[in-house]
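User: I am new to reading protein models. Please take me through this one by question and answer.

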Amino acid sequence: MSVSWLNPLTWPIEPWVLLGVEVTAILYLWGSQHRVSPPSRWRALAFWSGLATIIVALDTPVETLARQLFWAHMTQHLLLIMVAAPLLVVAAPWLQIWRGLPLSIRRPLARTLVRHPALAGPRRAFAWSSAPVGAFILSTVNLWFWHWPAAYDLTLRNHAIHHLEHGLFLGLGIVFWAQVIDQHPFHARLSQFKRVVFVFGATIASWALAAVLAFATAPFYAYAALPWRPGGISALTDQQFGAGIMWVPGSITYSIVFITCLYLWFREEDARGRAFTPVGVTK
C-alpha cells in the first residue's frame, strides 16, 4: 500500500455516504435535546462507532482497494453487516433520530405513513420484512444475490448499483440483528432459544457461501480481467482470501451473539427449573 494512502486528503470521497452520516448524526444530536434522559454512554458509544464503521468501510482507501481486490470488497460487506449494523441496533437511536425532525414534519409524515390507504401495501411488506422469518429470508437472499457473478460485476461497473448494494447490506443487516439484539427499551420478538436457532441458521448460510467461493477452481468475478492486482496475487487467490475473511472474521459477530443467546437461554431454563422445584426438595 502506498504511503500516500495514509493521508486522508487522498482518500476517495463518497458524497452520499458523508451526507447520510452527517444528517443522521445531526438528527441524533438534535433529538437528544428532546429526551427526558440522555442515552447511556454505552449506547451512545455504539452509535458513534457504528457511524465511524460506515465511514471506514466506504470513505477510506478500503473503497479504492475494493475496486481492485475481491477480499477488500468482502471486507466492506462485513464491516457493514457484522459491525456497523449490530452496533446501530445496540445503540437503538431510532426514536432519538425521529425526534430530531421538526414537529411540523414529524406529524404529517407519521400520519401519512400510518394512515394513508395508498401505503397499505408497503406497510404490510414492511411488517413482514421486519418480522423474524421475513428478516431471515431477505438478509440471506440479499447476501447470496449480490455474490452472484452477474450482480456482483454490475456493482463494479455501476456506482449507483454499488451504493444500492451497500445500502441493502446495512439496512437488512439492521433488520436482521434487531431480531436477536434487544433495542432499549424494547425486546426482540424471539425467545432466547429461537435467537440461538436464528443466528445458527444465518451462520450456516454465510459459511455455505464462503465454501462456494473458497473451493471454486476458477475466479467468478470481473477482477480476473484486471491486468494487475495490488500485492500481485492471482484472481483465484484473491477470491479465496475473500472467502476466508467471510469464514473467520465474518463469524466473530455471529459467535458472540450465538454464545450470549445460548447463555441467556440456559440461565432462563435454570431459573424456570428452580421456580418449579417443590418446597423442601433439593436438586
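This is a predicted model: local features need pLDDT of at least 70, side-chain atom pairs count only at pLDDT 80 or more; totals for chains, interfaces and linings use all residues.

User: Which residues form the nonpolar patch on the surface?

Analyst: A patch takes residues with over 30% relative accessible area and no salt bridge; like charges are joined within 9 Å, and nonpolar side chains (Val, Leu, Ile, Met, Phe, Trp, Tyr) within 5 Å. A salt bridge is a side-chain nitrogen of Lys or Arg within 4 Å of a carboxyl oxygen of Asp or Glu. Together the patch residues have about 610 Å² of accessible area, and they are W128, V133, I137, V141, F145 and W148.

User: Which helix gives the most to the nonpolar patch?

Analyst: Helices are DSSP runs of H or I with at least four residues, and strands are runs of E with at least two, numbered from the N terminus. W128 is found in helix α7 (residues 120-129). Four patch residues come from the helix that gives the most, α8 (residues 132-145).

User: Is W128 buried, partly exposed or exposed?

Analyst: Buried means under 20% relative accessible area, exposed means over 50%, and partly exposed lies in between (1.4 Å probe, protein chains only). The relative accessible area of W128 is 42%, so W128 is partly exposed.

User: Which residues of α8 are buried, and what covers them?

Analyst: The buried residues of α8 are P132, G134, A135, S139, T140, N142 and L143. Contact means heavy atoms within 4.5 Å. The cover of these buried residues includes α4 (70-91), α7, α10, α11 (192-214) and α12 (235-247).

User: Within what arc do the buried residues of α1 fall?

Analyst: In helix α1 the buried residues are V17, V21, A25, L27, Y28 and G31. The arc is that of the directions from the helix axis to the C-beta atoms. Seen down the axis of α1, the buried residues line one face, because they fall within an arc of 165 degrees.

User: Which residues are exposed on the other side of α1?

Analyst: The buried residues of α1 pack against α2 (41-58), α5 (94-99) and α10 (159-177). On the other side, the exposed residues are P15, W16 and I26.

Conventions. Residues are numbered from 1 along each chain as its sequence is written. Side-chain values use heavy atoms; hydrogens and water are left out. Accessible areas come from the Shrake-Rupley method with a 1.4 Å probe; for residues, only the protein chains shown count as cover.
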